[in-house]
Amino acid sequence: MACPADRLIGKLRAVTGVGAISTAGAILEALSALGVSKIVMATPYTQATNDHEKRYLEDHGIEVLANGGLGLNTDLTGIQRISRVPPVEVYAHAIAIDHAEAEAVQICCTEYNAVAVIEPLEAA
């Protein structure tokens, strides 16, 4: 993150007068609400980005048992492809990274086509 989340959120709150949260903060709140402490991470990112996210989560008490990315955040073409990954591929990616001890699969990236695969993943 280019600007620390607490600093950015503080500035947003100060300027707008309304509450704000980061994606990372929302993930932590959701995992906490679910009582989840062991996850796997399926992302469209490179391993370097995954390692950064893994450190962040582990610094906040979340054990990342496995992670894997598609390496799409290396150039503009790849970044534009993130939102175009078909849900069937997102599903296959999440299933492939799953781990027997994981309490949840975190599918990272707000632009990744994950919404359509939530129910099938929960049923798997």
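User: How many nonpolar, polar and charged residues are in the lining of the largest pocket?

Analyst: This is a predicted model, in which local features need pLDDT of at least 70 and side-chain atom pairs count only at pLDDT 80 or more, while totals for chains, interfaces and linings use all residues. Residues are numbered from 1 along each chain as its sequence is written, and side-chain values use heavy atoms, with hydrogens and water left out. Ala, Val, Leu, Ile, Met, Phe, Trp, Tyr, Cys and Pro count as nonpolar, Asp, Glu, Lys and Arg as charged, and the others, Gly among them, as polar. By these classes the lining of the largest pocket has 19 nonpolar, 4 polar and 3 charged residues.

User: Which residues lie nearest the centre of the largest pocket?

Analyst: On a 1 Å grid over the protein atoms alone, a pocket is an open set of points where a 1.4 Å probe fits, with protein on both sides within 12 Å along at least five of seven lines, and lining residues have an atom within 4 Å of a point. Volume is the space filled by probe spheres set on the points, which are joined across faces, edges and corners, and for the largest pocket it is about 800 Å³. Of the 26 residues that line the largest pocket, those nearest its centre are Ala104, Val105, Gln106, Ile107 and Ile118.

User: Which element gives the largest share of the lining of the largest pocket?

Analyst: Helices (H or I, at least four residues) and strands (E, at least two) are DSSP runs, numbered from the N terminus. Helix 2 (23–34), helix 5 (87–97), strand 3 (104–107) and helix 6 (118–123) each contribute at least two lining residues. The largest share, 6 residues, comes from helix 2.

User: Which residues touch the most other members of the largest nonpolar core?

Analyst: A nonpolar core is a set of buried Ala, Val, Leu, Ile, Met, Phe, Trp, Tyr and Cys residues joined through side-chain atoms within 4.5 Å. The largest nonpolar core has 13 residues, and those touching the most other members are Val85, Val90 and Tyr112.

User: What does Tyr112 touch?

Analyst: Tyr112 is among the residues that touch the most other members of the largest nonpolar core. Residues up to four places away in sequence aside, Tyr112 touches Ala42, Thr43, Pro44, Leu70, Ile82, Val85, Val90, His93 and Ile107.

User: Is Ala104 buried or exposed?

Analyst: Ala104 is placed in strand 3. Beyond four places in sequence, Ala104 touches Val36, Lys38, Ile39 and Val40. With a relative accessible area of 18%, Ala104 is buried.

User: What is the phi of Cys109?

Analyst: Cys109 is in the loop between strand 3 and helix 6 and is partly exposed, at 22% relative accessible area. Most residues other than glycine have a negative phi. Cys109 is not a glycine, yet has a positive phi of about 105°.

User: Which residues does Asp98 touch?

Analyst: Asp98 is in the loop between helix 5 and strand 3, and is partly exposed with a relative accessible area of 41%. Leaving out residues up to four places away in sequence, Asp98 touches Val40 and Val105.

User: Which residues is Ile27 in contact with?

Analyst: Ile27 is found in helix 2 and counts as partly exposed at 23% relative accessibility. Leaving aside neighbours within four places in sequence, Ile27 is in contact with Leu57 and Gln106.

Notes: Buried means under 20% relative accessible area, exposed over 50%, partly exposed in between (1.4 Å probe, protein chains only). Contact means heavy atoms within 4.5 Å.
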